Amino acid sequence: MKLIYIKHVYRLALDLVLPPLCVVCGRVNTWLCLPCAEEIPLAHHPICPRCGDSWADEGVCDRCRRTPLCVVPIRSAFVFKDAVRDAIHALKYRNGREVAEPMAWRMAQAWYQQQLHGDVLVPVPLFLDREAERGYNQATLLARALAPQIGVPVEAGLVFRVRPTRSQARLGVAERWVNVKGAFACSEVVDLSGVRVMLIDDVATTGATLDACAVALLTRGARSVSAFTLAHAA
Ligand SMILES: [Zn+2]
Ligand SMILES: [Zn+2]
């Protein structure tokens, strides 16, 4: 058995007997308490107007000039680092569902600050096996907590995975695009004509997963597909 796997099982076992601790202040019984969530600075550095990557020059970044994404724009509340990275890790891998609530509260602040728009929030789906294993989809938790604060409804079943994909976190940039290409499809019973879809996810890295979802939604007639994530890779 690989050491990393043993460590993972050991930590999960500890999580069963020990209460969660706030990733910032160490307070017991939550992975992220509200006062700490409120202290985390929202992202406000210069970014590419399309993909949301750090970009201080005029116009769009080099990547967007060469190969523009279908999902546009991608916006995020935070930079993926420090407490945000720890909180997302708890949300995804340590059963930290309650992280969604304070983080969605901050996402709502960023939503208004960045003047975002959308007719419907669509969480990026997990493959069913992965969701069954985890017990929930963290993107859906974020979308459902965010929706009432910004007055935009959630449509969780609109896009689904048609095949399992490997975890993007372990792949290089080029492999990530191959891994998710054609991995998503859109429900055929809904009419998306004229609808501005806002994809919701925890982290935007290369944008490959968001873009693959956008292709499926645009194929079904969506007017536009943009994305709003809790965090953007630094
Ligand atoms: Zn705290
Ligand atoms: Zn860009």
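Student: Where α5 passes α7, is the crossing left-handed or right-handed?
Tutor: In this predicted model, α5 passes α7 in a right-handed crossing, where right-handed means that the near helix is turned clockwise from the far one by less than a right angle, and left-handed that it is turned anticlockwise. Helices here are DSSP runs of H or I with at least four residues, strands are runs of E with at least two, and both are numbered from the N terminus.

Student: Which residues of α5 and α7 make the contact?
Tutor: On the α5 side they include Ala-104, Trp-105, Ala-108 and Trp-111, and on the α7 side Leu-141, Leu-142, Ala-145 and Ile-150 are among them, a contact being two C-beta atoms, placed from the backbone, within 7 Å. By class, the contact has twelve nonpolar, two polar and one charged residues, with Ala, Val, Leu, Ile, Met, Phe, Trp, Tyr, Cys and Pro taken as nonpolar, Asp, Glu, Lys and Arg as charged, and the others, Gly among them, as polar.

Student: And at what angle do α5 and α7 pack?
Tutor: Helix α5 (residues 100-113) packs on α7 at about 55 degrees, with the axes 8 Å apart; axes are lines fitted to C-alpha atoms, for helices over the stretch in contact, and angles run from 0 to 180 degrees between N-to-C directions. That makes α5 oblique to α7, since under 35 degrees counts as roughly parallel, over 145 as roughly antiparallel, 65 to 115 as roughly perpendicular, and the rest as oblique.

Student: Which strands does α7 lie across?
Tutor: Helix α7 (residues 138-150) lies across β2, β5 and β6, and runs at about 125 degrees to β5.

Student: In what order do the strands of that open sheet come?
Tutor: The order is β1-β6-β5-β2, with parallel pairing, two strands being paired if DSSP finds at least two bridges between them. Because β1 (74-80) and β2 (120-123) stand at the edges with a single partner strand each, one side of each is left without a neighbour in the sheet. Neighbouring strands are turned by 20 degrees against each other on average, direction ignored.

Student: How many bridges join β5 and β6?
Tutor: Eight bridges join β5 (residues 196-204) to β6 (residues 224-233) in the parallel sense, and Ile-200 has Phe-228 in β6 as its bridge partner.

Student: New topic: which peptide bond is cis?
Tutor: The bond from Val-72 to Pro-73 is cis, with omega near -5 degrees, and Pro-73 lies in the loop between α3 (62-66) and β1.

Student: Where is Asn-29, then?
Tutor: Asn-29 sits in the loop between α1 (3-17) and α2 (34-39), and its phi is near 80 degrees, a positive value in a residue other than glycine. Most residues other than glycine have a negative phi, and most peptide bonds are trans.

Student: How many helices and strands in the protein?
Tutor: The protein has nine helices and six strands, and its C-alpha trace spans about 50 × 40 × 35 Å along the principal axes.

Terms used:
Residues numbered from 1 in each chain as written. Chains lettered and ligands numbered in written order. Predicted model: local features only at pLDDT ≥ 70, side-chain atom pairs only at ≥ 80, totals over all residues.
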